[in-house]
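User: Hey, I've just opened this one and I'm new to it. Can you walk me through a few spots?

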Amino acid sequence: MTQATGSGQVEVASVTKRFGESVAVKELSLTIPHGAYCCLLGPSGCGKTTILRMIAGHENPTTGDVRIGGRSVVGLPQVERGTAMMFQSYALFPHRSVLDNVAFALKVRGVGLPARHNTARELLAKVQLEKFANRLPSELSGGQQQRVALARALITNPKVLLLDEPLSALDEYLRLRMRGELRRVQKELGITFVHVTHTQLEAIAVADMVVVMAQGRIEQAASARDIFVAPRNAYVARFVGGQNVLSGTVESTMNGTAAVAGDKGARFAFPVGDIRPTRGSKLYGSIRRDRIGVEKVPPGAKPAGGLNSTVGEVHTLENQGSYVKVTIDLDNGEEFVAHVPDDAFFRSPLDIGDKVEARWSASDVMLLDDGPIALEPAAAEARVASGD
Ligand code: ATP
């Protein structure tokens, strides 16, 4: 899909980027719609900054194309791309006033003093810093300096703002405030934001579209809500957090539900829709941390057992205010996390070391797309016939 020149739609088309022998980005394709707030999310080294730098023009793809507003920008100088970049270090000029810092890019472009100061004042008003215009950066707090950096990046009226870990230098309190501010400014301006982060909750909090990456590839690109509630595979479920991954081998399938045998006698029910996986094939599913009930198993008692439950020992407890994060060491050596609402938890509190049984409902399990699902012959034929 291409759009008329002038829009802030960003397309990364079959891009590979090599640095010598190492491949930072592998055959990656991604379309970010005009006016979207997109977060590139992934662990260190997964290639997210390299993508940002190729959109900005600091790097060129080894193969493939980068288009902005439907026009290829490979080889174009940065000023002709309609992009601007905001870095994690604010990189403000220490000896220039806030107003002159914001106006700087217009000075370089030969805009006269009154005009560039007027535009800079308008942008300072957008980030609620008009009254600090004459201060030096050293006379501002970290959060205020960050807002100056945002105003400065926006002064060239970019179609696409590129943000490289923009909040990582701020403390927790300012980070939360600033991410709300970024979102507000992006909505107000209606331009495309591409924001690189390795912080899951930051991505979910600000973005319309989250792109989860691993080793130079996209694992899932979807709305922030889908990334959180419907991760595509075990990697996304684990990386984004908020989910536990269950796995086991299929024993039988009936009425859209597979009975799955996990480790140590655990048995799960996975909703599989119209898929009929063969007996013995391996399935992965995810269950949200906040959809799990946890009950203490009194000393000497046997856990109730049964479908959709697992047994372990409380490893850590973290009170998060509205819920308590209960980390359980399972008998099979894996970790399982439940978010228990505060009222339920404090009605019958748990202690570290307690033996507990975690329980959930089959309808809350999401099937993950990991490994080939071997199909029963009849079902496989039906799917081929229907073109699925
Ligand atoms: P981080 O969160 O640590 O910044 P990232 O996901 O942004 O990581 P990139 O900076 O895009 O990752 O790097 C992806 C891979 O490419 C890494 O293995 C990195 O070492 C390599 N790489 C990046 N830039 C260069 C370069 N100029 N020369 C050689 N290798 C590079």
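User: Where is Gln 9 found?
Analyst: Keep in mind that this is a predicted model. Gln 9 sits in the segment before strand S1, which covers 10-19.

User: Is Gln 9 buried or exposed?
Analyst: Buried: its relative accessible area is 0%, and the cut-off for buried is under 20%.

User: And which side chain does the side chain of Gln 9 make a polar contact with?
Analyst: That would be Glu 11, with a polar contact of 3.3 Å between the two side chains.

User: How far is Thr 49 from an oxygen atom of the ligand?
Analyst: A polar atom in the Thr 49 side chain is 2.4 Å from a ligand oxygen. For Thr 50, an N or O atom of the side chain lies 2.5 Å from an oxygen of the ligand.

User: What about Cys 46?
Analyst: There it's the backbone: an N or O atom of Cys 46 is 3.0 Å from a ligand oxygen atom.

User: And how much of the ligand's accessible area does the protein cover?
Analyst: On its own the ligand has 640 Å² of accessible area, and the protein covers 56% of that.

How values were computed: Residues numbered from 1 in each chain as written. Predicted model: local features only at pLDDT ≥ 70, side-chain atom pairs only at ≥ 80, totals over all residues. Heavy atoms only, no water. Helix = DSSP H or I, 4+ residues; strand = E, 2+ residues; numbered from the N terminus. Buried < 20%, exposed > 50% of the residue type's maximum accessible area, 1.4 Å probe, protein only. Polar contact = N/O pair within 3.5 Å; in protein donor to acceptor, adjacent residues only side chain to side chain. Areas by Shrake-Rupley, 256 points an atom, 1.4 Å probe, with all protein chains shown as cover.
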